[in-house]
Amino acid sequence: MIDKRHAVEMHEGEGVLVKRLMPLPNFRNFDPFVLWDDFTINPGNGFPEHPHRGFEAITYLFSGSLRHEDNLGNASTVFAGGAQRFTAGRGIAHSEMPNDENPTRGIQLWINLPQRLKQMQPGYQQVDHEQFPVTEFNGGELKTIVGPKSPLQIQTRMHYLELRLHPQGQYALEVPTGLRGFIYVVEGEVELNGEHFEGADTAFFDQPVEPVTVKALHNSRLMICYGAPHGEPIIQYGPFVD
């Protein structure tokens, strides 16, 4: 069964507009996923240095560029189609600021760490667009951000995919037993198992997951995210997940 939800617009950081799927007052998280922000950063705005602990985050860019600097000594810039992953573990401080004259848009996803890994050493990884595997099929293409053949490493068993479909293109998603997640519409219009979805609409699915068929009505971009729940309480205080 699909649970349809819609991301809510709000502001974060310094002047950053986000479409937030979670956490919201009536929908805090979806184990193991803690936060989902579809962000747009205009030049001069961004996320100055701030601390985190207890989770991992993936920042994936659709357009523009983003400069990451942290207290571990990492300093690098990710461009459209690339991703940055930081593992906060027992604690990290970082900043994310646009490095472009045009708006920067992307998704930030937080994934909870299990209790046994909360105090692990923090870390950072960048993967550029050309390093991700892309599979083309009749009607579209599928890019693997986390999953088989992707170099991006994460502590939770999960898949994270970018799906692009041409008009009338179709894709059938089959989720392995034990995993749960969601499909987020970045842009375009699609039908998911015959139900209409458009930008910022999201289809959540839990076990048992029946096959989900996605059919594009126009050129469409979607993000698919599913993983294994840790089955532990998620206690979030702003930038900390204990």
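Analyst: Helices (H or I, at least four residues) and strands (E, at least two) are DSSP runs, numbered from the N terminus. This is a predicted model, in which local features need pLDDT of at least 70 and side-chain atom pairs count only at pLDDT 80 or more, while totals for chains, interfaces and linings use all residues. Residues are numbered from 1 along each chain as its sequence is written, and side-chain values use heavy atoms, with hydrogens and water left out.

User: What joins strand 18 to strand 21?

Analyst: Three bridges do, and these strands also run antiparallel, strand 21 being residues 212-216. Here Leu-192 stands opposite Val-214.

User: Switching topic: in what order do the four strands of the open sheet come?

Analyst: The order is 5-10-7-8, with antiparallel pairing. Strand 5 (47-52) and strand 8 (75-79) each have a single partner strand, so these edge strands are each left with one side that has no neighbour in the sheet. Neighbouring strands are turned by 25° against each other on average, direction ignored, where axes are lines fitted to C-alpha atoms, for helices over the stretch in contact, and angles run from 0 to 180 degrees between N-to-C directions. Within this sheet, strand 7 (residues 65-70) and strand 10 (residues 92-98) are joined by five bridges, and Arg-67 has Met-97 as its bridge partner in strand 10.

User: Why is strand 12 largely enclosed?

Analyst: Four of the five residues of strand 12 (residues 123-127) are buried, so the rest of the structure largely encloses this strand. Strand 12 pairs in the antiparallel sense with strand 9 (residues 83-87) over five bridges, and Thr-87 has Gly-123 as its bridge partner.

User: How many salt bridges are there in the whole structure?

Analyst: A search finds eleven, where a salt bridge is a side-chain nitrogen of Lys or Arg within 4 Å of a carboxyl oxygen of Asp or Glu. One of them is between Lys-4 and Asp-201, at 4.0 Å from N to O. This pair links distant parts of the chain, with Lys-4 in strand 1 (residues 2-6) and Asp-201 in strand 20 (residues 201-205), 197 residues apart. Lys-4 is partly exposed at 37% relative accessibility, whereas Asp-201 is buried at 9%.

User: And where do Glu-187 and Arg-105 lie?

Analyst: The side chains of Glu-187 and Arg-105 meet in a salt bridge of 3.9 Å, N to O. Glu-187 lies in strand 17 (residues 180-187) and Arg-105 in strand 11 (residues 104-112), so their pairing ties together parts that are 82 residues apart in sequence. Both also belong to one network of salt bridges with shared partners, which joins them with Asp-38, Glu-162 and Arg-221.

Key
Two strands pair if DSSP finds at least two bridges between them. Buried means under 20% relative accessible area, exposed over 50%, partly exposed in between (1.4 Å probe, protein chains only).
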